[in-house]
Amino acid sequence: MGTSSFSVLCLFGFTSVFESSSDMKFLVLALCLAVVYAQEAPEVNWGKCPQLEPTAEEQRSKGEVIQACLEKNPPPAEGESLTQEQIDAHRETITTCALKTEGWFGADNKYNYERAKKEIQNKNLTPGAEILKKHDECSKEAQENFPDSNIPQVQLYQACMDFHITKICEIKITPPPQAEGAAASASA
């Protein structure tokens with residue numbers, strides 16, 4: 001399956017966590033989890049937005065946050081029969097832990113959309129105005145659809161932003177070789 005443009009949500013199915021670029025929190029969490037679990041991450045071509053590429057220090061920091069959250073909330077024991085609901089619940093627990101650890105929720109326990117907007121502005125992206133417009137649209141949609149449910153609200157916001165940023169920035173993601181092999185085997 002060569003290089004393809006994917007919504008990060010569709011490729012990884014994880015929710016957000018990344019403090020230095022709100023618009024790509026989701027991707028970085030997915031990359032960090034890929035490294036933690038598979039020891040191999042997909043190749044990312046950042047297209048028009050190379051400023052979104054996390055530094056080695058940012059990657060290390062994110063990995064440490066995720067590892068700490070996994071230590072506080074270990075996954076079920078190997079060999080256990082797991083339901084999709086259990087997997088989703090654990091993923092949400094890790095996401096919530098990481099978001100809280102990095103200070104993405106205010107004292108009112110609401111997601112800090114203003115901080116996310118500032119993070120986007122601070123990246124000085126070439127298509128910045130277009131991305132900021134999508135931030136406003138995505139945050140409004142998320143807050144209207146899930147006014148009292150923080151995690152689903154953040155998930156919708158991040159999925160919306162990931163979709164638009166992937167498209168606007170023309171980000172291309174190439175899965176690691178073992179993922180490509182697994183996809184080929186599954187379709188055979």
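A disulfide here is a pair of cysteine sulfur atoms within 2.5 Å. This is a predicted model, and it holds three disulfides.

Let's start with C49 and C169. Their sulfurs sit 1.9 Å apart, and the torsion about the S-S bond is about -70°, so this disulfide is left-handed. The pair links distant parts of the chain, 120 residues apart: C49 is in the loop between β1 (43-45) and α3 (56-72), while C169 is in the loop between α7 (150-168) and β2 (172-174). Both C49 and C169 are buried.

The other two links run between helices. C69 in α3 pairs with C97 in α4 (residues 84-101), so parts 28 residues apart in sequence get tied together. C138 in α6 (residues 128-145) pairs with C160 in α7, and so ties parts that are 22 residues apart.

| Disulfide | S to S | S-S torsion |
|---|---|---|
| C49-C169 | 1.9 Å | about -70° |
| C69-C97 | 2.1 Å | -85° |
| C138-C160 | 2.0 Å | about -70° |

C69 is buried at 1% relative accessible area, and C97 is buried at 13%. C138 comes in at 1% and C160 at 12%, which counts as buried. Number the bonded cysteines in sequence order and the pairing reads 1-6, 2-3, 4-5.

Now the rings. The whole structure has five aromatic pairs. F105 and Y111 have ring centres 6.3 Å apart and planes at 80°, so they pair edge-to-face. Y111 also pairs edge-to-face with Y113, with centres 4.9 Å apart and planes at 70°. Y111 is buried at 5%, and Y113 at 9%. W104, F105, Y111, Y113 and Y157 make up one aromatic cluster. The charged end of R115 sits over the W104 ring, 3.8 Å from its centre.

Notes:
Residues numbered from 1 in each chain as written. Predicted model: local features only at pLDDT ≥ 70, side-chain atom pairs only at ≥ 80, totals over all residues. Heavy atoms only, no water. Phe/Tyr/Trp six-rings, centres within 6.5 Å; stacked < 30°, edge-to-face > 60°. Buried < 20%, exposed > 50% of the residue type's maximum accessible area, 1.4 Å probe, protein only. Lys NZ or Arg CZ within 6 Å of the ring centre and 35° of its normal. Helix = DSSP H or I, 4+ residues; strand = E, 2+ residues; numbered from the N terminus.
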